[in-house]
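Dear colleague,

Here is the structure for your files. My notes follow it.

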Amino acid sequence: MNKEIISKIVKASGVSEGELVLVHFWGEDADKDIANHFVTSVAALGAAPVLLQQARSINRDIFLSAKESCFDDRYFDLFSKFDAVLDVFAYQPVVLGYSIENEHMLLYRRYMSQLFHKLAECRRFTQIRVPTEANAAESNLEPQDYIQRMNKAYNIDYEMVKKACEHETKRFAGAKKVTVYTGTDCVLSLDLTGRTWHIDAGDGDLPCGEIYIAPIENRTNGTVFFDTFYLDGMKFTNVTLQILDGQVSGSSSPEIAKYFSEQPLENRIVCELGMGMNPNVTDLCGYTVLDEKMMGTFHIAVGANDMFGGQNKASDHIDFVGYGKVEVVV
């Protein structure tokens with residue numbers, strides 16, 4: 001991730017003159033140049049940057065020594081002052097990565113919980129995965145393949161993607177129902193009454209490029225076909241899902257049907273319809289963070305949607321990406 005890409009990301013996140021911006025960096029000193037580039041990019045836009053580094057090695061030493069009195073309300077209140085947070089991670093956030101005694105780990109967990117509670121109060125919170133070998137581990141991709149794909153997905157014309165997203169949401173503006181046509185004869189009907197489309201064009205979870213909505217939870221019906229279907233790290237081909245009253249009720253694949261039959265009701269609910277809008281994601285690789293952003297694809301998800309306008313609370317949120325035609329029902 002070079003300086004040019006970082007500058008694009010910071011601008012797309014909405015940073016503007018006069019703001020107070022926290023660069024919340026998860027990484028060691030070896031990767032700190034990345035954090036410094038974010039700081040200077042924030043300053044270049046006329047905003048005031050503040051850097052907070054969460055290095056595992058440093059946190060281990062801090063919380064082996066810290067007392068209960070170290071982090072009181074005065075400390076956490078400092079973070080309510082920020083207009084925006086750029087949550088930049090060179091490796092998985094929050095995970096300490098070291099074994100420490102239980103009393104110290106409890107203090108660390110409490111610290112993180114209180115910190116994120118305060119950061120959630122900021123007007124904008126943008127998450128940025130840095131293309132590193134450490135982050136590649138969650139993708140099931142080879143590190144260099146992951147890094148190349150991620151850098152490409154980040155290196156876009158963000159303003160163009162935003163305009164394309166806005167144009168696409170206007171196409172569906174006011175539509176109460178949509179139909180998704182896939183495969184030879186699969187038709188899926190979704191009720192969107194009262195729900196709002198959302199745009200992800202740089203100010204949410206990056207890499208970006210999608211529009212999405214929470215359909216009415218018990219009013220999705222029909223069948224939907226996927227050329228390629230990824231579940232629990234396994235790849236399936238030519239999969240059809242049957243959906244009845246919002247729930248995945250069966251599949252052409254016995255393994256997938258068994259998986260869903262063993263899930264609690266809330267994890268079988270179709271909770272999202274989305275469409276990819278990132279022109280630099282050009283093929284499906286099994287890593288949802290990228291796949292769901294691929295231009296020309298749609299995705300549905302099962303599980304939680306209460307965080308973007310739905311009513312289904314669940315332990316999971318799993319996306320399935322495919323090719324098809326999404327049309328407004330007149």
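At what angle do helix 1 and helix 2 pack, and how far apart are their axes? This is a predicted model, in which local features need pLDDT of at least 70, side-chain atom pairs count only at pLDDT 80 or more, and totals for chains, interfaces and linings use all residues. Residues are numbered from 1 along each chain as its sequence is written, and side-chain values use heavy atoms, with hydrogens and water left out.

Helix 1 (residues 3-12) packs with helix 2 (residues 32-44) at about 50°, the axes being 9 Å apart. Axes are lines fitted to C-alpha atoms, for helices over the stretch in contact, and angles run from 0 to 180 degrees between N-to-C directions. Helices (H or I, at least four residues) and strands (E, at least two) are DSSP runs, numbered from the N terminus. The two helices are therefore oblique to each other (under 35 degrees is roughly parallel, over 145 roughly antiparallel, 65 to 115 roughly perpendicular, the rest oblique). On the helix 1 side, the contact (heavy atoms within 4.5 Å) is made by Lys3, Ile6, Ser7, Ile9 and Val10; helix 2 supplies Ile34, His37, Phe38, Ser41 and Val42.

The sheet is open, with 5 strands in the order 2-1-3-4-8 and parallel pairing (two strands pair if DSSP finds at least two bridges between them). Strand 2 (48-53) and strand 8 (205-206) are the edge strands, each pairing on one side only. Strand 8 pairs with strand 4 (residues 124-129) over 2 bridges; leucine 206 in strand 8 is the bridge partner of isoleucine 128. Helix 5 (residues 102-119) packs on the sheet and touches strand 1 (20-26), strand 2, strand 3 (84-89) and strand 4. The direction of helix 5 makes about 145° with that of strand 1.

Regards
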